Every structure is written in structure tokens, then in C-alpha cells.
Amino acid sequence: MKRVWYAAIWLGMAVLAAQVLTVQPAAAATIPAGSIEVKTVLSPFSLVNKSQRVNCSPGKVPLGGGAQTSGGQHLIITEARPISDAAGAGFVVTVQVDQIGVTAPWAVSTFVSCAVAPPGYEVITQVNPPTTRPSDSVLANCSPGKNVIGSGGQLIGAHWQLDLTMGPNHVNGVASGVGAEAAKDDFSVAPTDPYQVASYAICARENRLFDFLVVENQTSNDASAQKKVTTTCPSGYQASGGAISSVGFGAHLLFFRPNVTSSPVSFDFAASAPPGFGVWNLAGIVHCTR
């Protein structure tokens, strides 16, 4: 009888050991907590159109970025996108003066969110053919099995007549593509020179479901001259980049920027419209990762 009892104990221990051996450890976060570093550079103040670039530290890649104009509301962000070339990997912002113009020196700040490249990291670019239409849009999609962690957009060959908006094409907080749109403002005629719209989707593969989320926050829809909104990631997530999805045509984006320089959890957004512009709203989007 004892032999049977001992055998039962041994068999139970063997089964338990086998169960323990087959249990898989939980997957690590795709972007480790506290690992996102934000770098920023302010351009010189002047009266001319300008671009400002900021690179990630060696060994890191851009997850997303932000921009801020300083010196007046008649400035148009025509480029805010990731960049990688012989000079490094980072984020670049270009700003032009609109048709009304500015009379004092102004500047632009560029922000980039950097980290060690997550699994399957890629930047997908989609560029439309040249057009002179008053509006145009283009969508860049991630490769199958990957989701968006950051957005970018660019108006190529555009002048002061067009405003740029860009943001992830998201459903229930998950995005697999980024759209960019150009549209003339209410105070200009249709573009006379050909331009192109480019969209940039910064993508990666999740280690766990919902490691990448998109959160959107909107202002009220009214005739206020200036609107601001802050969009915050859920608990446990870091902000990897910002995007602007809805500004009334003719209202100019002032900034979309992370609110801290180390592992931010939110982005701040602001835009302004001229007197008598009418009803409009501002929607600020933040890419959230873990």
C-alpha cells in the first residue's frame, strides 16, 4: 500500500513539474517603461522660412515627434516627420510664413521621441503625385502584422496657401496607417504651383496585444480665436509621438509637443484662427506605447 502511495506522490510531483516547465513567461513590454527619451532643438530667430532637425542619440530611433512655432500666428507647419540619412536618425520640422506674414523674428522648436528600435521597426512613406487641387490626402500603411507608433506628414513644393494635418487612421485605439492632408485656408486661392502630400507611418510589431494605442482629445466646436488641448495616455503607457487630426482650414497649428523630456505621458496642442474665422475645433492625438 505504501508503495502505491509513494508512487502517487511521485507521479503528482512529475505532473506538477511538467506543468511548471510548460508555463511560458509573460512577454516583455514592447517599449520598456521609462525608456523613451525626448530631445528638442530651437532654431535661430529670423524672418525667413526655416527647417529645424533634431537627431536621436546613437543606437536609438525616432518613435515620433512634435513641433512648436514661436513668434506669431501666421506661421504654417508644412513638414513634421521622421528622417534617417547619413546625418543620423531623428525628426525634422519645416515652417513657412502665410500670406499675411509676420513682422518680427520667429523660430521653430523640433521634438523627437527616441528609444532602442522595437521589433519590426520601420517607417513607411507614401507620396501622392503632384497636383494643384485645393485639397489632397494620402495614406501610408504599416506592413502586415505591425501597428503605428508615430505619425508624420509633409507638403512638398507647397507655399503659404496650404495647411497640413496628419494623424493615424485608428479604430478603437489601434492604428495600422497614417494619413496626411493638405487643404487651402479660407483666405487664399487654390494653389497655382504643383505640390505633393506625403505621409509617414512609424510602425513596429507588438510583443503584447495593445502595447500600442492611439488616444484622441478634442476641443469644443466654437469660434474661439485660440484653442488648446492636452491628450494623456492611459496608466502604464508612455507617449511616443503626437499628431493633429482636425483643425479648421485656415486655422494654423501653433504646437504639438510632449510635456516632459523623459518618458512623457501626454502631449499639449494649440492652434489659432484669425478674427471672424467662424466655428472650428482642434483634435490632438497622442501615440501611447508600453
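Partly exposed, as used here, covers residues between buried (under 20% relative accessible area) and exposed (over 50%). Keep that in mind for the close-ups below, which come from a predicted model.

**View 1. Arg208 pairs up with Asp211 in a salt bridge.** Arg208 has a relative accessibility of 29%, so it counts as partly exposed. The closest N and O atoms of the two are 3.3 Å apart.

**View 2. Asp211 also forms a salt bridge with Arg290.** Here the closest N and O atoms sit 2.8 Å apart. Asp211 belongs to the loop between strand 12 (196-204) and strand 13, while Arg290 lies in the segment after strand 18 (282-289), so this pair ties together parts 79 residues apart in sequence. Arg290 is partly exposed, with 25% relative accessibility.

**View 3. Arg133 and Asp136 meet through their side chains in a salt bridge.** The N to O distance is 2.4 Å. Arg133 is partly exposed at 47%, whereas Asp136 is buried at 7%. In total, the model has eight salt bridges.

**View 4. Thr219 sits in the loop between strand 13 (212-218) and strand 14 (226-232).** Thr219 is buried, with 16% relative accessible area. Beyond its neighbours within four places in sequence, Thr219 is in contact with Lys227, Lys228, Val229, Asn281 and Leu282. Look for Ala283 too: its C-alpha atom is 6.4 Å from that of Thr219, although the two residues are 64 residues apart along the chain.

Terms used: Residues are numbered from 1 along each chain as its sequence is written. This is a predicted model: local features need pLDDT of at least 70, side-chain atom pairs count only at pLDDT 80 or more; totals for chains, interfaces and linings use all residues. Side-chain values use heavy atoms; hydrogens and water are left out. Helices (H or I, at least four residues) and strands (E, at least two) are DSSP runs, numbered from the N terminus. Buried means under 20% relative accessible area, exposed over 50%, partly exposed in between (1.4 Å probe, protein chains only). Contact means heavy atoms within 4.5 Å. A salt bridge is a side-chain nitrogen of Lys or Arg within 4 Å of a carboxyl oxygen of Asp or Glu.
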